[in-house]
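Student: Hi, I have a protein chain open on my screen. Could you walk me through it?
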Amino acid sequence: MAAKPQKSSGEMNKRKRIPNQKTEGTDSISKKPKFTPNSNKPKFSSSDVHSKFTKKPFKSPSKDYHKPSVNKDGVDDSKKIGRLRAKELTEERKKKRKKHYSLEQDLSLLWEKMRRRNIAKEDRSKLVSEAITKMKGKISEIASSHVSSRVLQTCVKHCTQEERNAVFVELRPHFISLSSNTYAVHLVTKMLDHASKEQLGEFISSLHGHVATLLRQMVGSLVIEHVYNLGNATQKQALLVELYSPELQLFQDLVIAKDDRLEDVISKLQLSKSSVSRHMSSVLQPIMEKGILDHSIVHRALFEYLTIADKTSAADVIQQLAGPSLIRMIHTKDGSRLAMFCIKHGSAKERKKIIKGMKGHVDKIARDKFGNLVLVSIFSVVDDTKLVSKIIIRELEGNLKELLLDQGGRRPIMQLLHPNCARYFFSDDLTSLSLTIPSLKNKEESDVNGEAVEEDKNEEDDDSGPNTQLNEGGKKDSFKRRQELLLNSGLAEKLVDACCEMAESLLRSKFGKEVIYEVATGGADGILHPTLDEKLGELYEAIATIVAQPKLDEAKEEHILEHFHSSRTIKKLVLDCPAFASTLWEKALKGNCATWVKGHSSKVISAFLETSNTAINELAKAELQPFVKRGELKLSVAE
């Protein structure tokens with residue numbers, strides 16, 4: 001094949017010519033000058049060339065032109081006028097958009113005056129009356145406004161009873177709609193705070209048929225919770241029964257006794273248990289899904305629902321509640337019972353989620369009136385003592401001294417030292433700790449009988465399996481669980497050290513005296529013996545050192561033996577702890593009994609003769625018998 005002829009370099013450099021296009025040689029201006037070094041000709045830039053051909057002659061300004069005036073502050077007057085005009089336009093638009101815009105502006109000016117703290121009572125009353133007069137007939141329309149609702153709240157707080165009644169009458173037909181409004185809800189709660197008994201009853205009657213609907217709303221639920229806390233037992237029950245059955249929403253004539261439980265309501269009104277369970281599930285399920293779990297009425301409804309729910313439904317509720325959200329419920333009586341249900345009947349995985357959700361909140365939970373019972377339940381049920389020690393015990397140790405003096409804070413510690421003791425827990429608290437869900441109560445009896453107690457490694461691996469197993473209580477021996485939580489975790493040693501350090505304040509405290517008594521006696525079943533016998537000896541000597549201090553006539557505080565709480569605690573220790581009694585006699589009382597045979601201190605002295613321990617009795621008998629014969633020392637029990 002013949003090769004193609006090669007094009008010459010000149011032909012290759014030729015570009016295709018476009019018709020009617022000027023060649024480069026025709027444009028003399030755009031042609032680049034050749035580079036000539038050492039050229040003496042002047043060089044022109046592109047800007048010089050441009051100005052040479054395009055520059056226009058200068059024109060002086062016209063006579064009509066005026067320079068913008070500037071005020072003293074250096075601000076252009078025309079800009080200020082523009083801003084003022086823009087404000088006026090905005091005000092005009094608001095007036096067209098808002099029906100009562102002018103009224104709200106007047107009310108806001110009055111509100112700025114009436115809400116001051118340093119205003120006279122008479123002046124505030126005049127301003128409040130003026131504001132209510134201006135709002136008369138329009139209160140329901142402006143109550144949903146961000147500004148007007150605040151003005152109305154202040155007026156309701158400071159107005160007279162007659163004016164408050166007038167506002168209530170005007171708002172009465174609109175309570176339901178106002179309860180769902182973000183701003184008006186605060187006015188409704190303020191009205192309820194200042195309402196009379198008759199007005200509160202009227203408001204509860206107006207809620208009939210709307211309780212379940214409002215509870216499913218984040219805003220409306222605030223009103224239901226507020227009125228539930230203000231109402232008496234009968235009114236609370238009237239709100240609750242609407243969540244039980246649709247029949248109770250339709251017929252107001254059905255009278256329910258104020259103390260009736262859900263099971264009693266079902267039997268009294270001959271309602272279908274399955275129908276009630278289905279209806280309550282449809283009401284409570286959206287509430288739990290939306291996370292509206294802070295309200296006591298919801299806690300009560302959930303508690304009653306679990307008493308009639310079947311096994312599957314109860315397990316579903318426990319699975320939904322188990323987790324960090326449970327912490328928001330344990331501040332009420334029924335909420336703490338729900339938490340105990342979840343701990344008692346939940347699986348190991350669910351218990352782990354609950355305990356991990358408490359991280360960072362243990363101190364606050366321990367001090368709470370009802371929350372401390374949840375910690376008590378965990379100490380009594382959960383077998384995973386490593387997890388409990390890691391999260392709960394460690395946080396309790398961080399604030400141990402303050403907790404020992406707190407009425408609620410000491411309870412988890414007392415449960416480990418002396419479980420379920422009636423001296424430290426009310427009967428209602430012990431009832432709460434023993435409650436169970438009926439449908440889940442005996443579901444695992446056959447499984448528990450044939451299983452050995454597993455070590456903590458089983459709980460560590462529970463996250464991998466499905467959440468199918470529910471446990472009623474722990475399988476580990478209670479004494480072994482207490483040993484692991486008290487001794488193995490190191491809590492007991494720190495507890496004894498804290499008692500040694502603050503022995504005097506604990507003995508004088510109404511609640512701390514019980515802690516130091518249990519620690520000094522070694523706890524129930526002697527759980528602290530013999531591991532901490534040496535530490536307990538140091539505690540006995542610390543108490544004896546305090547008792548040995550001389551009695552001063554002009555002392556700011558009465559002596560430890562003459563104090564009401566401490567004298568009785570030391571007497572109990574003498575009667576129940578021979579090792580302490582021996583140390584106290586040798587270190588503090590021997591040879592000094594004449595000073596203490598009268599007053600509260602005589603109870604401690606007489607305890608040495610009243611004790612059943614013969615060795616202690618013989619130790620002090622020789623010195624104390626002369627006081628008994630002279631009648632200076634009286635015994636409550638015959639020798």
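Student: Let's start with aspartate 525: is it buried or exposed?
Tutor: Aspartate 525 counts as exposed, because its relative accessibility is 63%. Buried means under 20% relative accessible area, exposed means over 50%, and partly exposed is in between, using a 1.4 Å probe and protein chains only. Before we go on, this is a predicted model, where local features need pLDDT of at least 70, side-chain atom pairs count only at pLDDT 80 or more, and totals for chains, interfaces and linings use all residues. Residues are numbered from 1 along each chain as its sequence is written, and side-chain values use heavy atoms, with hydrogens and water left out.

Student: Thanks! Where does aspartate 525 sit?
Tutor: Aspartate 525 is in the loop between H33 and H34. Helices (H or I, at least four residues) and strands (E, at least two) are DSSP runs, numbered from the N terminus. Aspartate 525 also has a positive phi of about 65°, although it is not a glycine.

Student: Okay, and what is phi for glutamine 270?
Tutor: For glutamine 270, phi is near 55°, a positive value in a residue other than glycine. You'll find glutamine 270 in the loop between helix H16 (262-269) and helix H17 (273-290). Glutamine 270 counts as exposed because its relative accessibility is 72%.

Student: Which residues does the cis peptide bond join?
Tutor: The cis peptide bond joins histidine 529 and proline 530, with omega at about -10°. Proline 530 lies in the loop between H33 and helix H34 (533-547).

Student: And glutamate 518, where is that one?
Tutor: Glutamate 518 is in helix H33 (residues 512-520). With a relative accessible area of 2%, glutamate 518 is buried.

Student: What about arginine 300 and aspartate 334, buried or exposed?
Tutor: Both arginine 300 and aspartate 334 are buried. They form a salt bridge, with the closest N and O atoms 3.0 Å apart.
Tutor: Salt bridges that share partners join Arg261, Arg300, Glu304 and Asp334 into one network.

Student: And how many aromatic pairs are there?
Tutor: The count is five aromatic pairs. Rings of Phe, Tyr and Trp (its six-membered ring) pair if their centres lie within 6.5 Å; planes under 30 degrees apart count as stacked, over 60 as edge-to-face and the rest as tilted. Phenylalanine 303 and phenylalanine 341 are a stacked pair, because their ring centres are 5.7 Å apart and their planes are at 5°. This pair links distant parts of the chain, with phenylalanine 303 in helix H18 (residues 296-308) and phenylalanine 341 in helix H20 (residues 333-345), 38 residues apart. Both phenylalanine 303 and phenylalanine 341 are buried.

Student: Why is the pair of tryptophan 585 and phenylalanine 608 called tilted?
Tutor: The ring centres of tryptophan 585 and phenylalanine 608 are 5.2 Å apart and the planes are at 55°, so the pair is tilted. Tryptophan 585 and phenylalanine 608 are buried.

Student: Last one: which residues do ring pairs link into a cluster?
Tutor: Ring pairs link Phe168, Phe175 and Phe203 into a cluster.

Definitions and conventions. Salt bridge = Lys/Arg side-chain N within 4 Å of Asp/Glu carboxyl O.
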